[in-house]
Amino acid sequence: KLYKIVETYKFFSYLCANLLDIITNTERIKMKKSILLLTISFFSLSCLAQNKAEDVLNATRKVNNYFMQKYADPTLPSNVGKVRPSNIWTRGVYYEGLMALYEVDKDQRYIDYTDIWGNFHKWLLRDGKSTRNADNQCCGQAYIARFLQTGDSTRHRSIVENINSQMEEKAVDAWTWIDAIQMAMPIYAQLYKMTGNKKYMEKAWKMYCWTRNECGGGLFNTKEGLWWRDKDFVPPYQEKDGNNCYWSRGNGWVYAALVRTMDQLSPKDKYFKLFKKDYLAMSKAIIKCQREDGLWNVSMVSPVTFGGKEITGSSLFLYGISYGIMKGYLNGTTYRPFADKTWSAIAKDAIHREGFLGYVQGTGKQPSDSQPVTYDRVPDFEDFGTGCFLLGATEYYKLLLK
């Protein structure tokens, strides 16, 4: 970054020096003053950009440190209504975010925290190898990440065996709710990239298409570019104001899944092109729903029914938009203001001084669940909300550094 700034300044100075040769002495004095002011402004803007990126990273660290300190023992089960092991989907999403943070912030604590968790569960899935529940497969994304970092096959063996056995089955109707797309589909893409075996993506594509086009008559509204959460929300279901029910986090799950899947594929891959089409359609629809303050309502197009600020969906949208701008899939002039506005709102409105994250909707499947969503209310599970935030914040940080 500094090298680019210096080289740009050299060119700028050279240009100015040549201009001075062709103007009068009086004008030259005035020009020198202007150049000095412009130079100061140039470096000020450069430093401002750097400081802004550093501010994002520091805020991200603060939120993550708060979580790691509060949940210092990652092996402990949750006890919300009933006891659940810590390799459930909520924790799996957190570790997706933590692995993303580690990419830009090589802190050994993140790896230690992950390995304590994984080793405790022996890198196994909840409900064993035979599970077909995408929620139970979610932790496999972190398992695979640690395998790729270490080369230790014990870390991803259980998820590989699980997915391989599911691929042998003809059924493609396992993802009956859109959250499942994020929980499981990126795993198929990871295994495809690792092995070169196209059968992984063939299976994932068939399962995705079943959810998209057939489940409940199809959960993706191609006309509006948004998803119904499951068959219970497909029309004739309506919100109180007569609008469709598009749940913010549910659409965020699909948006993130498309990003995480495309990231494993070559742009020349036919599946990449198919996923990208839906990604672009969603991108156009998502920015139309952004609130004036930069966040998204829990119910995306029906603010009269459980509107209000919500961070998990907003963070996942920030994740997908930032990624698309960096890759050149989204026009930066059009989409960058939406990303900037989102981060500004999250930093200003949601992050507490100590790192607690406000406006996180707890678990559920629709806008009315886990209400009210407020600045101070602690959600039933804090891990997945932190994970969504980490994904969005780290991707936006990378965008600022580009």
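A search of the whole structure, which is a predicted model, finds 23 salt bridges. Side chains of opposite charge can pair when their charged atoms come close.

Lys398 is partly exposed, with a relative accessible area of 27%, while Glu103 counts as exposed at 52%.

Asp179 and Arg229 form another salt bridge, their closest N and O atoms being 3.2 Å apart. Here too, distant parts of the chain are linked: Asp179 belongs to helix 8, and Arg229 to the loop between strand 4 and helix 10, 50 residues apart. Both Asp179 and Arg229 are buried.

Within helix 13, Arg336 and Asp340 lie 4 residues apart, about one turn of the helix, and their side chains meet in a salt bridge of 2.8 Å, N to O. Arg336 is partly exposed, at 26% relative accessibility. Elsewhere, salt bridges that share partners join Asp115, Arg146, Asp152 and Arg155 into one network.

The largest pocket has a volume of about 540 Å³. It is lined by 23 residues, and the closest to its centre are Glu103, Gln190, Arg260, Asp263 and Gln264. Helix 3 gives the most to this lining, with 5 residues. By class, the lining of the largest pocket holds 10 nonpolar, 5 polar and 8 charged residues.

Key. Residues numbered from 1 in each chain as written. Predicted model: local features only at pLDDT ≥ 70, side-chain atom pairs only at ≥ 80, totals over all residues. Heavy atoms only, no water. 1 Å grid on protein atoms, 1.4 Å probe; cavity = no way out; pocket = protein on both sides within 12 Å on 5 of 7 lines; lining within 4 Å. Points joined across faces, edges and corners; volume = space filled by probe spheres on them. Helix = DSSP H or I, 4+ residues; strand = E, 2+ residues; numbered from the N terminus. Nonpolar A, V, L, I, M, F, W, Y, C, P; charged D, E, K, R; others polar. Salt bridge = Lys/Arg side-chain N within 4 Å of Asp/Glu carboxyl O. Buried < 20%, exposed > 50% of the residue type's maximum accessible area, 1.4 Å probe, protein only.
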